Amino acid sequence: MANRLGATCALTIAVGLACAALGSFAVDLDPLDPLAQPSAQSASAPAAFLVAATRAGDRLVAAGEAGVIVYSDDNGRSWKQARVPVSVSITGLHFATPTQGWAVGHSGVVLASGDGGQSWTLQLDGNRIAALPETGGEVAADAPPANPGDPLLDVYFSDPLHGHAVGAFGLLLSTADGGRTWVRRNGALPNPEGRHLYAIRPSGDALYVVGESGSIFVSHDHGTSFARVESPYEGSFFGLASPRPGELLVFGLRGNAFHSADGGAHWSRIDAGTGASWTGAALLAAEGGQPGVLMVSQSGEVAVSRDGGRSFSVMDQRLPSLSGVVATADGRALATGVLGVKAFDLPAHAGQGEGGQGKGS
Amino acid sequence: MKHDIHRAGASASDEVTRFDARAGSSIERLFFNNRLWVIVLCALLTAVLGWQALSLQLAASFERMLPSNHSYIENMRAYGKQLAGSGNVLRIVVATERDSIFYPEYMETLRRINDEVYLYPGVDRSFVKSIWMSAVRWVGVTEEGLEGGEVMPPGFDGSPDMMAQLRKNIERSGQIGQIVAADFKSTVIQMPLLDVDFDSGKPLDYLDMNRRLEDLRARHASEDVRIYITGFAKVSGDLMAGMQQIIGFFAVALGICTAVLFWYTRCVRSTALVVLCSVVAVVWLLGLLPLLGFELNPYSILVPFLVFAIGMSHGAQKMNGIMQDIGRGAPKLVAARLTFRRLFLAGLTALLADAVGFAVLMVIDIPVIKDLALAASLGVGVLIFTNLVLLPILLSYTGVSAAAAVRSLRAEAANDESGQAVKHPFWAFLDLFTERRYATVAVVVAALLGVAGLVVSFELKVGDLEAGAPELRPDSRYNLDNAYVVSRYAASSDVYTVMIPTPKGRCSEYATLLRVNALESQLRALPGVESTLSFVGTAKNGLVGFAEGNPKWYELSRDQASINSVAQYAPRETLDAQCSFLTIQTFLKDHKADTLLSVSAVVEAFGRKYDSEAARFLPAAGNAGIEAATNDVVRQANRQMLALVYAAVVLLCFVTFRSWRAVVCAVLPLMLTSVLCEALMVWLDIGVKVATLPVVALGVGIGVDYALYVLTVTLAGLRAGDSLSGAYYRSLLFTGKVVVLTGVTLGIAVATWAFSPIRFQADMGILLAFMFLWNMLGALILLPALGHFLLRPAPATQAAGADPLPQARAA
């Protein structure tokens, strides 16, 4: 309890208000604090800076700045804005079922939805995270304490009960009861420098986490413990995708992307001809046995792979800076970025794999 | 009826024969007994003031167009130093016809243009932005963190490597859509202007600036390179350049008025004198303005024309009176004196009403309108001498052509000869409105029009209703340039800046930035807002930058140190050097009044709720902020001004007529015209703004002239015991004719402005033409109709009282 009060005080000092030593959490917050303010409803919400995009069944869901979460039931033609109790930036989305999904964001926010993303409730925030005891194993004694303002950066639920969220400075949270209670398990990852963890996704039975400075971790026990995977690159990875069980695509800073067909033992470099950072990826429906993959870049490029992520070609269209992408139910794709949502047609299948060749490493 | 007319004609003749030179007011004796001196004095004045008029300057001062006492403008002035470069900004877009701007010749052309305009007088050099300016920087993200530098690579030599570097720098500078177009086919040189040139201390010469810019365009535009220029200075410059065309239209209007007057009188002498006296009035006015330290701005350029128009109206009345008296056989001097005696008071009252009407415009707290009001009042004051005094005196020397004089009485003569009530059909038709049936119809129709007009006029908007510069035509060079810029750059040309003063060094506190962020998102949610720019955006992007460019970090950090470390990358217009002042620049889709109102409402409400010692949220700077303040002032002043104009007109009418019933007859038709004019503005999509506001006031001021001339004569007839019909018919033949004449000529003359390339002149021309014509109809149809219900002939005994009009004497 003392720990939690201390954290609250630290936050209130940070926002420039006198710290009331006693009193409830909500009273201490600035009335305009993004944890105290519900996300504003706005007609221009689909044009907000939307960082993440995903599917809940056939429904498209996108989320981003100021707690904006929008959803579309007509493959991106029209959008509605969800009711969200906070206005922090949302960084990651995942639906375990077409109705049950989670969103994570800044200030350690975890949101849950039971209606396919139409309405969200707050399950966790940074102040409560800071008060969680570390249970993940031996953490270095000089590891910085969790700061209530630090963001969560991605979330993944294998089923409606079991999920993990990863975040800045090596934060790893796990739940076994659908997010009602969480444990902090930074120590489950061999991450003594406390690198930011940007993405968590499965490949077959394995669970992968990628992050800052070339970090790649794998868990073969559903997230109980992680091991470090030897990295093909020392720069940061912003995301990962798994076209098929055991096959991995990791991507990130300055156009760096790597493909592995053996769960990370060997990597081949993907040269799609761009120097901009890859920020998001999405799987497409398999065509002729080979799943397709889309990647989007910070400078608005969209790259398509028709050979399971081994090679990519950059599409002609150039969009504003992008950060999320997802396949739509009608065979098109939806990208999100600084200027909001943008649905687009995929190039004809015939032109597969023209742009870049996978090179052995 | 027959008797009335017979007597009226005879009475004038009687008076002519019995004229006594010693009679008349002391004013009349003063002028007419020193006729030569009056002429000499006027000639001297004309020479001196004409010489003075040559030094009259055209100017369009930005400062003088601001409503200086409005709280927004006071805020803007208070923080003028920190705001530098947010109001009066000139944008020069240099576009290429090739695939992109990245080739050496383009860069060289851009550099030469940049270096040239940088040195123009009045440019606020420290805030000039273009890719050639070192103040324009990029921020980049690498594995190591943030990097930054000038967008133009040091030692740029046009080589492909450097070109690639430049393109990369531009891409990470955040200037795409700001000073570089997203299609890489153009860039902007953005130059804030100071109203006073820093080097010379002289006010910025917009005409000179415009010449420089057009010369620049002519020299640098080529097959490859196109130049588009927008900004207040360019609008002003274009307007001033367009004033030559205004002068052209002035000449056309003058020509038409002269031609119609001649067609009416068939007398070269008198036509020439009326025009001469009106021109003399304009010369005096133009000479007095520089003497009193005034300049002609694109708004007050209208005043000389109005003065001329009003002068023609009064001059024609005087000339007509003299002509008729000469026709009745009076010597020219006697005719002039009689007319002076009869019409001086009516003319004086009318001119005073005009002068007061214009002076009332001074309630609008915008210097250019005060200038316009003062110039117009001055001009009308001048007319008292030139057209009420000088003209009759000149006519007393020249007389009129005998044939014209006879002709002028034809309507009366016809009746006399036939011995029957054969009236001129047109005047007879107007006379019908003094009868119950026609009067009822006229009043009912007027009431219906009034109600319908009133309903429509509630839709009247304040401010500019169209994109671009509404002073100019939608297809003008400027507005095409503006459309080009708006379509290719995210930053629209309509910027509403919120000023946020904070204690020194505390501008970046998290709590303050939370408020800035909240206000920004409220503003962005408005339908009229395109985007916003503030330090919060920089801070959010800064966090992304610190995190190697990962968009997941796009958030306002709670960590004060990381916020502070971003401050150095903030655009200068969002944050001052002492960290004591922030701005939110709101880029609007348009500058319609509703858009501006919605923004102001949000900002003011936010300020009321969240202003604190740590930060205040003040409207408004930027061109749209200024326009919001102007609209506010115009909106308030509009009703207030109309109320004052009518109060003044009612008072003057009462002083003249000494009858409330007569005041109602004179003023109700004017009110109908005012209401219908507002309805017309709604129909034509013209908003009340600086340029059109005066039109409504002028309409009332000039409209009352007609009523004064018609009603003065009619009332005199009634007081002499005539029936309303008789008195009115007489006034039609005497002054009514000229009311028709001037109404029609002025209407036609200003209607020619509809062809003006300058939009607001066309609007004003249409509105003024409408008001001139409708006021004329009001005075000729509605006035007698109201008279039927309100005015009664006086009992015979009262008619013998002192009355300046001839038939009164005869009675």
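Predicted model: local features only at pLDDT ≥ 70, side-chain atom pairs only at ≥ 80, totals over all residues.
Residues are numbered from 1 along each chain as its sequence is written, and chains are lettered from A and ligands numbered from 1 in the order in which they are written.

Q: What makes S1 and S4 of chain B a pair of strands?
A: Two strands pair if DSSP finds at least two bridges between them. Strand S1 (residues 89-96) and S4 of chain B have 7 bridges in the antiparallel sense, so they meet the criterion. B:Val93 stands opposite B:Val188 in S4(B).

Q: Why are S4 and S5 of chain B called edge strands?
A: The open sheet has 3 strands in the order S4-S1-S5 (chain B), paired antiparallel. S4 (186-192) and S5 (225-230) each have a single partner strand, so one side of each is left without a neighbour in the sheet. From one strand to the next the twist averages 15 degrees.

Q: How is the angle between helix H6 and strand S1 of chain B defined, and what is its value?
A: Axes are lines fitted to C-alpha atoms, for helices over the stretch in contact (C-beta atoms, placed from the backbone, within 7 Å). Angles run from 0 to 180 degrees between N-to-C directions. Helix H6 (residues 104-118) lies across S1, S4 and S5 of chain B and runs at about 160 degrees to S1(B).

Q: What makes S4 of chain A count as a strand, and which strand does it pair with?
A: Strands are DSSP runs (E, at least two residues), and helices are runs of H or I of at least four, both numbered from the N terminus.

Q: What lies between S2 and S3 of chain A?
A: The two strands form a hairpin with 4 residues between them, and A:Ala66 in the turn has a positive phi of about 55 degrees. S2 (residues 59-64) pairs with S3(A) over 4 bridges in the antiparallel sense, with A:Ile69 as the bridge partner of A:Ala63.

Q: Are the residues of S3 in chain A buried or exposed?
A: A residue is buried if 20 or more other C-beta atoms, placed from the backbone, lie within 10 Å of its own, exposed if 12 or fewer, and partly exposed in between. A:Ile69 and A:Tyr71 point one way and A:Val70 and A:Ser72 the other way, and all are buried.

How values were computed: Contact = placed C-beta atoms within 7 Å.
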